[in-house]
Amino acid sequence: MLKALIFDVDGTLAETEDLHRQAFNRAFDQLGLSWHWSPEQYAELLKVMGGKERLLHYIAQTHPDNEQALAARMPEIHDLKTQIYGELIETGHLKLRPGVARIIAEARAAGVRLGVATTTTRLNLDRLVAINFPDGDKPFDVIAAGDEAANKKPAPDIFDIAVERLGIDPADGIAFEDSAAGIRSALDAGLSVLATRSRYTRSHRLDGAFSAVSDLGEPGRPHQHLSGVTWPDGVVTLAGLQSWHAARQIGADA
Ligand SMILES: [Mg+2]
């Protein structure tokens, strides 16, 4: 039986990536670093998961002769970036992607549990939730975030932690992801994956997902189907996920 839905955050719950890019650029500027990441460059840098790791990768690539000194400044740069990013969320009305709030409400009404597995920091997630669930409502039963996992995606660690905290068999869960590394991570944790392609993962191969769509869709605003399982009226619903999952289990038991 389908018991839990587990969401990635960046690019999946919301199109956060460009806000991250802007926050990095403002932090560089405020610290007197003459770095500026363009959207194209950032799409490339996103192949490195985790903001801190991304920053170190950039330093190593672009400043090999001064790498040690700049890498030592990474915590300072990253802390300022996190602070700026939070301010941008709080003032920038970062909305959930189409269908996300609806499917969360459907799952809660049906007693299907909800989790988060993300490399983003817990503070960023809390801010996103506070803005989009304003009544002090806590939509997620379980959150695995940031540095809790020793190894970032594509390693399965962060999804393993979420699955363990939910107390489910991973075969009874579905993960929502937007990136190739995230799909790999969830698959290796034993979960099925539904992929929603995001602005910054347009070039990613979404192989391994049982269904890939442009977004979850809303009634009257269907998504674009990309590959795998299709959904009635171009909308992913909890009922649709449950019937797909039940049919799959009958197949597995046969
Ligand atoms: Mg993502």
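Keep in mind along the way that the model is a predicted one.

Let us start with the overall layout. The domain assignment divides the protein chain into domain 1, made of residues 4-15 + 95-253, and domain 2, made of residues 17-92. Between the C-alpha centres of domain 1 and domain 2 there are 26 Å. Where the two meet, 17 residues of domain 1 are in contact with 18 residues of domain 2. Together, domain 1 and domain 2 bury about 1600 Å², and 58% of this area is on carbon and sulfur atoms.

The C-alpha atoms of Y200 and E40 are separated by 9.0 Å, although the two residues are 160 apart along the chain. E40 belongs to helix α2, which covers residues 39-45. Is E40 buried or exposed? With a relative accessible area of 60%, E40 is exposed, because the cut-off for that label is over 50%.

Next, look for the sheet. Seven strands form an open sheet in the order β3-β2-β1-β4-β5-β6-β7, and their pairing is mixed. At the edges stand β3 (142-145) and β7 (225-228); each has a single partner strand, so one side of each is left without a neighbour in the sheet. From one strand to the next, the twist averages 15°. Follow the sheet to β7 and you will find β6 (residues 211-213) paired with β7 in the antiparallel sense over three bridges. Here S211 stands opposite G228 in β7.

Helix α8 (residues 157-166) lies across β1 (4-7), β2 (113-118), β3 and β4 (173-177), and runs at about 160° to β3. Helix α9 (residues 180-188) touches β4 and β5 (192-196), with its direction at about 165° to that of β5.

Finally, which residues hold the magnesium ion as its protein donors? They are D8 (OD), D10 (O) and D178 (OD), lying 2.1 to 2.2 Å from the ion. Along the sequence, these donor residues follow the spacing D-x1-D-x167-D.

Definitions and conventions. Residues numbered from 1 in each chain as written. Predicted model: local features only at pLDDT ≥ 70, side-chain atom pairs only at ≥ 80, totals over all residues. Heavy atoms only, no water. Pairing = 2+ DSSP bridges. Helix = DSSP H or I, 4+ residues; strand = E, 2+ residues; numbered from the N terminus. Axes fitted to C-alpha atoms, helices over the stretch in contact; angles between N-to-C directions. Contact = heavy atoms within 4.5 Å. Donors = N, O, S within 2.8 Å, 3.2 Å for Na, K, Ca; no water. Domains from an automatic or database assignment. Buried area = accessible area lost by both parts, 1.4 Å probe. Buried < 20%, exposed > 50% of the residue type's maximum accessible area, 1.4 Å probe, protein only.
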